[in-house]
Amino acid sequence: MHPRLLMIEDDQRLADMLQTYLQQNGFEVVHASSAQQGLALLQDQSQSYALLLLDLMLPDAFGLDVCRQIRAQQGPIATIPLVMLTAKGDPMDKVIGLELGADDYVAKPFEPRELLARLRALLRRQQQLPAYSPQSLEPARVLRFGRLEIQSDTRRVYLDGRERSLTAYQFDLLLVLAESAGRVLSREHLMDALKGETPDAFDRSIDVHVGRLRAAIEDDPKQPRRIITVRGAGYVFAKLQDV
């Protein structure tokens, strides 16, 4: 079964080209030419999507506003892996998109192979759990740090027993940090661990994702006690928390 991708893109020529290319490379592609149409498709409970490709400039809305609306939803829609697609290459546009919850950002013009690599990398992060079999009854691997619980197999995070909503990239970032609790990890190390096939990662993107991660798991994101910044070196995930 091919992963279903929703593409919200108003440039019909580009959309046709991408739809053909992605379908030739194992995706089922549903195209929406406006924000309104795309949001309606996302909210249709009879359909589900593995990925979202979202253009920044749409005829009826700004892509960043659409991204914000999606991340404010409840349920699976809020965590769908999302790639922003735009003609703007300004690094600040990338930062804003990431701050609003995008998992990746591709500036036009781009090589279709690059986009394909990025989409496949996101899919790997969002991979489904293996099917149940009687021969595989090992309990889910759980990391606990005080009131924080990270379920690596189910890709769920709980704070005080309440589930926290994270994107696929944010969960992977948290897991890399938590599995090396007590060690300082540089930005370069984190990018190498997370980028998969994604090229051209830029340093500030890690800071943006850490900021969003803190917003989800810290009691006070402005005074973090779980993900600590080590000036000039990187980040460290605290081994001892809530003590």
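A salt bridge is a side-chain nitrogen of Lys or Arg within 4 Å of a carboxyl oxygen of Asp or Glu. Keep that rule in hand as we walk through this structure, which is a predicted model: local features need pLDDT of at least 70, side-chain atom pairs count only at pLDDT 80 or more, and totals for chains, interfaces and linings use all residues. Residues are numbered from 1 along each chain as its sequence is written, and side-chain values use heavy atoms, with hydrogens and water left out.

The side chains of D219 and R226 form a salt bridge, with 3.8 Å from N to O. How buried or exposed are these two partners? To answer, we need another rule: buried means under 20% relative accessible area, exposed means over 50%, and partly exposed lies in between (1.4 Å probe, protein chains only). D219 has 53% relative accessibility and therefore counts as exposed, while R226 has a relative accessible area of 2% and is buried. The pair also belongs to a network, in which salt bridges with shared partners join R147, D160, D219 and R226.

Across the whole structure, a search finds 15 salt bridges. One of them joins the side chains of E9 and K108, at 3.4 Å from N to O. E9 has 1% relative accessibility, so it counts as buried. K108, with a relative accessible area of 21%, is partly exposed.

R118 is buried at a relative accessible area of 4%, whereas E114 is partly exposed at 22%.

Now turn to strand 1 (residues 4-8). Why can we call this strand largely enclosed by the rest of the structure? Five of its five residues are buried, so the rest of the structure largely encloses it. In a regular strand the side chains alternate between the two faces of the sheet. In strand 1, R4, L6 and I8 are on one side and L5 and M7 are on the other, and both faces are covered.

Which strands pair with strand 1? Two strands count as a pair if DSSP finds at least two bridges between them. Strand 1 runs parallel to strand 2 (residues 28-32), and five bridges join them. Within that pairing, L5 has V29 of strand 2 as its bridge partner.

R4 in strand 1 deserves a look of its own. R4 is buried, with a relative accessible area of 16%. Its side chain makes a polar contact of 3.4 Å with the side chain of Q47. A polar contact is a pair of N or O atoms within 3.5 Å; within protein, one must be able to donate a hydrogen and the other to accept it, and residues adjacent in sequence count only if both atoms are side-chain atoms. A polar atom of the R4 side chain also lies 2.7 Å from the backbone oxygen of S48.

Our last stop is strand 12 (residues 234-237). Strand 11 (residues 227-230) pairs with strand 12 in the antiparallel sense over four bridges, and I228 has V236 as its bridge partner. The two strands form a hairpin with three residues between them, and G232 in the turn has a positive phi of about 80 degrees.
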